[in-house]
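Subject: Handover of the structure, with notes

Dear colleague,

I am passing the structure on to you below, together with notes on what was found in it. Please read the notes with the structure open beside them.

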Amino acid sequence: FSAVSARAAYSPATTNGWFVTAGRVQGQFDALFRTDIWLFNPDTAATVTVTLTLHPAVGDGAAPASPVSSAPITLAPRETKFLGDVTLATVPAGDGVVGARTWQSSAPILGAGRIYTAAPAGTFGFFVPAIPVTESLTKKTGATDTVNVLQIFGVNSGDANFRTNLDVTNTTGVALPVEVRVIDPVTAEIYGGTRNYTVAAGSLLR
């Protein structure tokens with residue numbers, strides 16, 4: 001189990017990549033979802049300059065929204081920099097904004113993000129790794145291709161408020177079609193049929 005967990009969070013150093021989802025948005029019962037980010041320069045001698053950019057989420061088939069970028073961030077050799085509530089301060093996108101975040105750096109860096117609820121109901125959170133653009137999923141080779149498919153498994157907790165959100169980030173420069181299905185793991189029944197969406201270039205569809 002520990003090996004599987006380690007691989008799931010694996011984040012090789014690279015000069016450009018994505019945090020699949022990030023933002024600052026109001027949740028239920030006055031909870032506030034916010035995003036913190038850690039950036040690490042693994043080089044023992046060179047200083048690195050990093051720029052973070054938020055690509056706001058857009059609707060199905062919509063054009064990309066205007067990106068919001070940070071000022072250059074400097075990391076000394078072997079320095080870790082913590083950026084708290086990054087959507088509000090470092091990348092000034094403001095309240096109520098959710099999107100995908102990219103980084104560009106002058107040399108390879110490592111990164112990690114945390115999305116969680118703040119007061120008065122801070123009870124939920126998860127970490128998201130910084131993912132190199134080279135690790136983006138490849139397209140399906142055909143209608144019957146079952147290999148190049150992203151599969152997300154949800155669990156029904158029994159709570160009436162339980163739900164699952166799906167965030168899809170398009171890391172390419174062109175709009176892409178996406179198929180979404182909800183499949184019963186026992187009967188293989190597809191609930192509601194196949195839903196088709198179009199994700200704008202360099203954007204998040206929630």
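Which residue in strand 7 is the bridge partner of L52? The partner is W103, and I come back to W103 below. Before that, please note that this is a predicted model, in which local features need pLDDT of at least 70 and side-chain atom pairs count only at pLDDT 80 or more, while totals for chains, interfaces and linings use all residues. Residues are numbered from 1 along each chain as its sequence is written, and side-chain values use heavy atoms, with hydrogens and water left out.

Overall picture

The protein chain holds 1 helix and 13 strands, where helices (H or I, at least four residues) and strands (E, at least two) are DSSP runs numbered from the N terminus. Read from the N terminus, the order of elements is α-β-β-β-β-β-β-β-β-β-β-β-β-β. The radius of gyration is 18 Å, close to the 17 Å that the globule rule gives for 206 residues, so the chain is as compact as a globular protein of that length; the radius is taken over C-alpha atoms, and the rule is 2.2 Å times the number of residues to the power 0.38. Along the principal axes, the C-alpha atoms fill a box of roughly 55 × 45 × 40 Å.

Of the 206 residues, 32% are buried (buried means under 20% relative accessible area, exposed over 50%, and partly exposed in between, with a 1.4 Å probe and protein chains only). Among contacts between residues at least 6 apart in sequence, 71% join residues at least 24 apart, a contact being heavy atoms within 4.5 Å. The chain exposes about 12,200 Å², of which carbon and sulfur atoms supply 58%; these areas come from the Shrake-Rupley method with a 1.4 Å probe, and for residues only the protein chains shown count as cover.

Strand 3 and its partners

Strand 3 (residues 48–56) has 7 of its 9 residues buried, so it is largely enclosed by the rest of the structure. Strand 3 pairs with strand 7 in the antiparallel sense over 7 bridges, where two strands pair if DSSP finds at least two bridges between them. Strand 3 also runs antiparallel to strand 5 (residues 73–75), joined by 3 bridges, and there V50 stands opposite I73. A further 2 bridges join strand 3 to strand 4 (residues 68–69), again antiparallel, with T53 opposite S69.

Aromatic pairs

How many aromatic pairs does a search of the whole structure find? The search finds 3, counting rings of Phe, Tyr and Trp (its six-membered ring) whose centres lie within 6.5 Å, with planes under 30 degrees apart taken as stacked, over 60 as edge-to-face and the rest as tilted. In one of them, the rings of F19 and W103 have their centres 5.8 Å apart and their planes at 55°, so the pair is tilted. Because F19 lies in strand 1 (residues 14–26) and W103 in strand 7 (residues 97–118), this pair ties together parts that are 84 residues apart in sequence. F19 is buried, with a relative accessible area of 1%, and W103 counts as buried at 2%.

The rings of W38 and F127 have their centres 5.9 Å apart and their planes at 35°, so this pair is tilted. W38 lies in strand 2 (residues 32–40) and F127 in strand 8 (residues 125–129), so the pair ties together parts that are 89 residues apart in sequence. W38 is partly exposed at 27% relative accessibility, whereas F127 is exposed at 58%. W38, F82 and F127 form one aromatic cluster.

Hairpin and loops

Strand 11 (residues 176–183) and strand 12 (residues 190–199) pair in the antiparallel sense over 7 bridges, and V178 stands opposite Y197. The two strands form a hairpin with 6 residues between them, and A188 in the turn has a positive phi of about 65°.

R78, in the loop between strand 5 and strand 6 (80–83), has a positive phi near 65°. D85, in the loop between strand 6 and strand 7, has a positive phi near 50°, and D85 is buried, with a relative accessible area of 9%.

With best regards
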